[in-house]
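Me: I am new to this structure and would like to learn how to read it. Please take me through it feature by feature.

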Amino acid sequence: MAYKDFRDFLHTLEKEGQLLTISDEVKPEPDLAAANRALNNMGDKTPALFFNNIYGYTDARIAMNVMGSWPNHALMMGMPKNTPLKEQFFEFARRYEQFPVPVKREETAPFHEVEITEDINLFDILPLFRLNQGDGGFYLDKAILVSRDLDDPDTYGKQNVGLYRMQVKGKNRLGIQPVPQHDIAIHIRQAEERGENLKVAIALGCEPVITTAASTPLLYDQSEYEMAGAIQGEPYRVVKAKDADLDLPWGAEVILEGEVLAGEREFEGPFGEFTGHYSGGRAMPVIQINRIYHRKQPIFEHLYIGMPWTETDYMIGVNTSVPLFQQLKDAFPNEIVAVNAMYTHGLVAIISTKTRYGGFAKAVGMRALTTPHGLGYCKLVIVVDEDVDPFNLPQVMWALSTKLHPKHDAVIVPGLSILPLDPGSDPAGMTHKMILDATTPIAPDIRGHYSQPLDSPLGVAEWEKKLSQMLR
């Protein structure tokens, strides 16, 4: 099912009726962001957008909302576009267990067509525009950044491929915000403790599978490239960078090679974030770009980000839920049924589980708080019974309204870590967290009146399967 490159995936979207080309002239601001925001307001089955007539540019081409719906997410996985979300979740979980799939190495890549090493000017090469009215500048917000652990460079999984926002600050300078919970912050710290610059590479316009892997909260020593291979069912193709010992995604449209300058900080932000609020501005590290490659007539990929739901939420929904699901199953292999951590990158997580004894569900919630992703997210954890579908919000609300007793089932844990971008954290990066136990009380926690649960008619599961097939 692997897509050859970014263009191959766009062709699939077009063939499936999931790509809308806009050939009328549009202005970079506010048209591009406004069109994308409008699309995000229109539901969860919307197409990607492709702009090819942009005021002020002769041949710029911009793709947006590429992963911004469940049909496009299904197509990323090579599944029919109308595959139900819950089915996509369990198929993603199945492929996740195939990790690792070793990479396939290539000598050259399509992006080697054009190479620039002198008089670099990002403003000439990239069609740049602001997304939200209060953004502090132009941003690359769907670019993946590659860096390597300096203390253990031979462990392949410690080469990090991550998705980070980067502000264009000059002709060859970018600002980056390394959140402490993310791997890039570890690599920058290692380099600065040595007094060295950190070599990095940035890829724009990639196949969606590596973008998905780069935005998945893997363990520190798990390779995003090897996870991309697991998701697509065959080895992911990479090619070596020229200025550093880094692997680059073969199918990218544009590559920027550079280095994080040791000890240098510049004001970065504000930027409208996935929390639906501006991030504020802070002194952040600076990247100097030394080399650029790109395909002829490159396609620049961007996404709109703001109050959910936007492309970001579709892009990081299932792949945030599955690692949390797997890590909880490691602790409770016979109990955990499913996990929905799709809301604001997992600030809210809903866990469906069997229970073994009174208080068990609360322990599951506590374990979620201490998973790698839970340390920086999972501000609210809702635990429901095994027969409640965590992807079905009406069922979750039913469980909260009938099973939860505020006196017994709301647990607040004070003074825990959270990502600093959470506008409710105080101080930034600190918060209380809450577990809501909406499971049926069992012995020795005997209370309430739950002895006569209502059964569905016989044969519902068979009919659900039959009707789903008929409606495809």
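Me: Let me begin with a single pair of residues. Which residue stands opposite Val238 in β13?
Reply: In β13, Pro249 stands opposite Val238. Please keep in mind that this is a predicted model.

Me: Where do the side chains of a regular strand point?
Reply: As a general idea, side chains in a regular strand alternate between the two faces of the sheet.

Me: Now a hairpin, please. How many residues lie between β9 and β10?
Reply: Two residues lie between them, and the two strands form a hairpin. Strand β9 covers residues 166–170 and strand β10 covers residues 173–176; they pair in the antiparallel sense over four bridges. To find your way, look for Val168, which stands opposite Leu174 in β10.

Me: Which strand do three bridges join to β10?
Reply: That is β15, residues 282–294, which runs antiparallel to β10. Gly175 has Val286 in β15 as its bridge partner.

Me: Let us look at another sheet. What is the order of the four strands in it?
Reply: This open sheet reads β1-β2-β3-β16, with mixed pairing. Strands β1 (19–22) and β16 (299–302) are at its edges, and because each has a single partner strand, one side of each is left without a neighbour in the sheet. From one strand to the next, the twist averages 20 degrees.

Me: How many bridges pair β2 with β3?
Reply: Three bridges pair them in the antiparallel sense, with β2 at residues 48–51 and β3 at residues 61–64. One place to look is Phe50, which stands opposite Ala63 in β3.

Me: Which strands does helix α1 lie across?
Reply: Helix α1 (residues 6–15) lies across β1, β2, β3 and β16, and it runs at about 75 degrees to β16. Helix α2 (residues 28–40) also packs on the sheet, where it touches β2 and β3; its direction makes about 160 degrees with that of β2.

Me: Let me step back to the whole protein. How many helices and strands are there?
Reply: The protein has 15 helices and 21 strands. Its radius of gyration is 23 Å, close to the 23 Å that the globule rule gives for 472 residues, so the protein is as compact as a globular protein of that length. Its C-alpha atoms fill a box of roughly 75 × 55 × 45 Å along the principal axes.

Me: What share of the residues counts as buried?
Reply: Of the 472 residues, 55% count as buried. The protein exposes about 20,000 Å², with carbon and sulfur atoms supplying 53% of that area. Among contacts between residues at least 6 apart in sequence, 72% join residues at least 24 apart.

Me: Last, the record. Which residues does the UniProt domain annotation cover?
Reply: The unreviewed UniProt entry places "domain: 3-octaprenyl-4-hydroxybenzoate carboxy-lyase-like C-terminal" at residues 314–438. In the model, that span is 37% helix and 30% strand, and its end C-alpha atoms lie 26 Å apart.

Technical notes:
Residues numbered from 1 in each chain as written. Predicted model: local features only at pLDDT ≥ 70, side-chain atom pairs only at ≥ 80, totals over all residues. Heavy atoms only, no water. Pairing = 2+ DSSP bridges. Rg over C-alpha atoms; globule rule 2.2 N^0.38 Å. Buried < 20%, exposed > 50% of the residue type's maximum accessible area, 1.4 Å probe, protein only. Contact = heavy atoms within 4.5 Å. Areas by Shrake-Rupley, 256 points an atom, 1.4 Å probe, with all protein chains shown as cover. UniProt positions renumbered as here; feature names shortened; annotations may be inferred. Axes fitted to C-alpha atoms, helices over the stretch in contact; angles between N-to-C directions.
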